[in-house]
Amino acid sequence: MSRRPDQPFARTGRAWSRIARIGSRTGRLAGLPARSQRGSAIADFALVSVILVPLFFGVLQIALIWHVKTTLTSAASEGAHYGATFNRSAGDGGQRTSNVIDDVFGTAFSDDVTARDMVIDGQPAVEVDVRADVPVLGFWGPSISLEVTGHAVKEILP
């Protein structure tokens, strides 16, 4: 047998064709001992989970902090708008902000709400600042401090 032009390195002969057939049936090269695949899934899972589990919990933690920050921002904005309505004071807006935060996160959530009257571009306004500590490890462990602010222009009678 001679080599075909499209396979310049192909082995020829009866012995090599038999080895190729055996190898194609068993999925391995002939002459090599078969290796067992038992237990490889457990090892693969252990190797992959070392990376995926911390990654999953890291994404979950970022989502928790993002949720707390957006909720605090919304509460500060709502409190500022409430305190800026006619016949209300900045203190009313601060109390409203505290009530919203307590409704969402519970009374055990440590937050510091301050509200004050101020002037923005010559217009009377209300500013509500919220400072809260968010645990870094889920709902326990060390915490980071978040600070958000809400503003609203005060309603006045003409």
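User: Why is Glu-147 called exposed?

Analyst: The relative accessible area of Glu-147 is 55%. The exposed class begins over 50%, so Glu-147 belongs to it. Like every value here, this one is computed from a predicted model.

User: What makes the contact between Arg-131 and Glu-147 a salt bridge?

Analyst: The closest N and O atoms of Arg-131 and Glu-147 are 3.2 Å apart. The limit for a salt bridge is 4 Å between a side-chain nitrogen of Lys or Arg and a carboxyl oxygen of Asp or Glu, so the pair qualifies.

User: Why can this pair be said to tie parts of the chain together?

Analyst: Arg-131 is in strand 2 and Glu-147 is in strand 3, so the pair joins parts that are 16 residues apart in sequence.

User: Is Arg-131 buried, exposed or partly exposed, and what shows it?

Analyst: Arg-131 has a relative accessible area of 41%.

User: How many salt bridges does the structure hold, and what makes Glu-78 and Arg-96 one of them?

Analyst: There are three salt bridges. For Glu-78 and Arg-96, the closest N and O atoms are 2.7 Å apart, which is within the 4 Å limit. This pair links distant parts of the chain, with Glu-78 in helix 2 (residues 40-84) and Arg-96 in helix 3 (residues 90-105), 18 residues apart. Glu-78 is partly exposed at 31%, and Arg-96 is partly exposed at 34%.

User: What makes Glu-127 and Arg-116 a salt bridge, and where in the chain are the two residues?

Analyst: The N to O distance between their side chains is 2.8 Å, again within 4 Å. Glu-127 lies in strand 2 (residues 123-137) and Arg-116 in strand 1 (residues 111-120), 11 residues apart. Arg-116 also has Glu-127 as its bridge partner in strand 2.

User: Why is Glu-127 called buried, and which class does Arg-116 fall into?

Analyst: Glu-127 has a relative accessible area of 10%. Buried means under 20%, so Glu-127 is buried. Arg-116, at 43%, is partly exposed.

User: Which class does Ser-145 belong to, and why?

Analyst: Ser-145 has 42% relative accessibility and so counts as partly exposed. Ser-145 is in strand 3 (residues 140-153).

User: Which residues is Ser-145 in contact with, apart from its sequence neighbours?

Analyst: Leaving aside neighbours within four places in sequence, Ser-145 contacts Arg-131, Ala-132 and Asp-133. The C-alpha atoms of Ser-145 and Ala-132 are separated by 5.7 Å, although these residues are 13 residues apart along the chain.

User: Why are the buried residues of helix 3 placed on the same side?

Analyst: The buried residues are Ala-90, Gly-93, Gly-94, Thr-97, Ser-98, Val-100 and Ile-101. They cover an arc of only 160° around the axis, so they lie on the same side of helix 3. Their cover includes helix 2, strand 1 and strand 2.

User: Which residues have the most contacts inside the largest nonpolar core, and where does the core draw its residues from?

Analyst: The largest nonpolar core has 20 residues, and those with the most contacts inside it include Val-68, Leu-72 and Phe-109. Helix 2, helix 3, strand 2 and strand 3 each supply at least two residues. The largest share, eight residues, comes from helix 2. Beyond residues up to four places away in sequence, Val-68 touches Phe-105, Phe-109, Val-134 and Leu-146.

User: How many helices and strands are there, and in what order do they run?

Analyst: The protein chain has three helices and three strands. From the N terminus the order is α-α-α-β-β-β. Of its 158 residues, 23% count as buried.

How values were computed
Residues numbered from 1 in each chain as written. Predicted model: local features only at pLDDT ≥ 70, side-chain atom pairs only at ≥ 80, totals over all residues. Heavy atoms only, no water. Helix = DSSP H or I, 4+ residues; strand = E, 2+ residues; numbered from the N terminus. Buried < 20%, exposed > 50% of the residue type's maximum accessible area, 1.4 Å probe, protein only. Contact = heavy atoms within 4.5 Å. Core = buried A, V, L, I, M, F, W, Y, C linked by side-chain atoms within 4.5 Å. Pairing = 2+ DSSP bridges. Arc of directions from axis to C-beta.
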